[in-house]
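Here's a quick briefing to read with the sequence and the 3D view side by side. Have a look at the ligand before moving on to the rest of the chain.

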Amino acid sequence: MSTNPPSTSSGKKRILTGDTPTSTGLHLGHYVGSLENRLKLQDEYDCYFLIANVHAFTTLAEKPADIRANTLGIVKDWLAVGLDPQRSTFVLQSEIPAIAELTFLFAMLIPFNKVMRNPTLKTEIETKGLGDSYPFGFPMYAVGQCADILTFRPELVPVGEDQEAHIEMCRDVALKFNQVYCGVGNRVPADEHEKAGGVFPVPKAKIGRIARLVGTDGKNKMSKSLNNAIFLYDDAKAVQKKINGIKTDRPTITSPLPEGNALAQYIDAFLPQQRAEEIKAMYASGKEVMDGHIKAEVGAAINALIEPMRARRAELETPTGEEKVLGVIRDGIRKANAVAEETLHLAKKAMGLDFGKRVVG
Ligand code: ATP
Ligand code: MG
């Protein structure tokens, strides 16, 4: 039997997920991949939403002012979308020392070559054009993300498909930690680790309604860093312009819409199901279909979805709004550190690293 305080002390199971401040805000991929789930689960779970501002330095180390502005931007979008700092905890990664400590300790439990083979890292190196000059800290972020997650001992991690490899690595770390330092047997199933005395629950990914929303380039996943995103704060004209720019690659107006085309995915993602089926049937029938009409309809649906978010974000783009955002961040740091320090204490105790409460300074 476990002697650890359960990770569910409020009676609710926990969720941890987050975003990296590599851009001034969030896009439609975040919405369908993760934000929708966060909104749905906000009452049922004890939620921790992390801004990975330290990890933003893996690609933007020379632009600290941008990272700071982006951090505020992401929190503004969270508030605009409806994440509620009263019900959930907003976690600023750089102010949670337990995450940094656990990152180093977890790095001993993951083979180096396994990190370097991580398919998500490989894709990022390729699509972001990082070549072979990325910093040592870049692959380290995959280990850091295990610490981001496990620090909050969550049960679920709502993410897009691109994060599956990271969650798998995180599960491996939790299993290994529990086996090596908490005496949990090799045959204990993952979801019984905590009950068997493990410090860490072995968390599961919860993939969103759309696992991977393609970008307006029609090739890569929609991404903050790839210039192919429709942002939640884009104005109505900008949204329509980006939709109009999608290439459908139809030789004639009676040709079908190629499978996997960005417009085809957006029709499914943003139009009511029945209308989406009608449009797809029209494209498949060989009748004349003008892409421009469909693009106008999809653009209007996206604008209707994001209009209230856009308006709420605009309200936060004022000095008072900025103060509110900073207040939310400060409150979150306090709440998050209470949980993070508890986890760190449990982990260090299991590792024989408990030498009494430390006083720094
Ligand atoms: P970057 O280009 O800096 O990596 P990003 O656009 O990939 O940024 P992240 O902050 O890395 O955004 O991801 C935040 C969350 O949103 C993750 O859970 C990720 O899986 C999800 N997500 C991001 N892009 C998409 C997408 N296109 N489709 C579905 N989910 C997505
Ligand atoms: Mg990403």
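Ligand 1 sits in the largest pocket. A pocket here is an open set of points on a 1 Å grid over the protein atoms alone, with protein on both sides within 12 Å along at least five of seven lines, and a molecule sits in it if more than half of its atoms lie within 2 Å of its grid points. This is a predicted model, so local features need pLDDT of at least 70 and side-chain atom pairs count only at pLDDT 80 or more, while totals for chains, interfaces and linings use all residues. Residues are numbered from 1 along each chain as its sequence is written, chains are lettered from A and ligands numbered from 1 in the order in which they are written, and side-chain values use heavy atoms, with hydrogens and water left out.

**Around the ligand**

- Strand E1 (14–19) and helix H1 (28–41) are the elements that give two or more residues to the shell around ligand 1; helices (H or I, at least four residues) and strands (E, at least two) are DSSP runs, numbered from the N terminus.
- H1 gives the most to that shell, with three residues.
- There are 23 residues around ligand 1, and Thr22, Asp162, Lys221, Ser223 and Ser225 come nearest; to be near, a residue needs a heavy atom within 4 Å.
- Sort the shell by type and you get five nonpolar, 11 polar and seven charged residues.

**Polar contacts with the ligand** (pairs of N or O atoms within 3.5 Å)

- Aspartate 162 has a polar side-chain atom 2.6 Å from an oxygen atom of ligand 1.
- For histidine 30, a polar side-chain atom lies 2.9 Å from an oxygen atom of ligand 1.

**The loop between H9 and H10**

- Arginine 250 lies in the loop between helix H9 (236–244) and helix H10 (262–270).
- Arginine 250 counts as buried because its relative accessible area is 12%, and buried means under 20%, exposed over 50% and partly exposed in between (1.4 Å probe, protein chains only).
- A polar atom of the arginine 250 side chain is 2.7 Å from the backbone oxygen of isoleucine 253.
- Aspartate 249 lies in the loop between H9 and H10, and is exposed at 60% relative accessibility.
- Aspartate 249 has a positive phi near 55°, though it is a residue other than glycine.

Notes
A polar contact is a pair of N or O atoms within 3.5 Å; within protein, one must be able to donate a hydrogen and the other to accept it, and residues adjacent in sequence count only if both atoms are side-chain atoms. On a 1 Å grid over the protein atoms alone, a cavity is a set of points where a 1.4 Å probe fits but cannot get out, and a pocket is an open set with protein on both sides within 12 Å along at least five of seven lines; lining residues have an atom within 4 Å of a point. Ala, Val, Leu, Ile, Met, Phe, Trp, Tyr, Cys and Pro count as nonpolar, Asp, Glu, Lys and Arg as charged, and the others, Gly among them, as polar.
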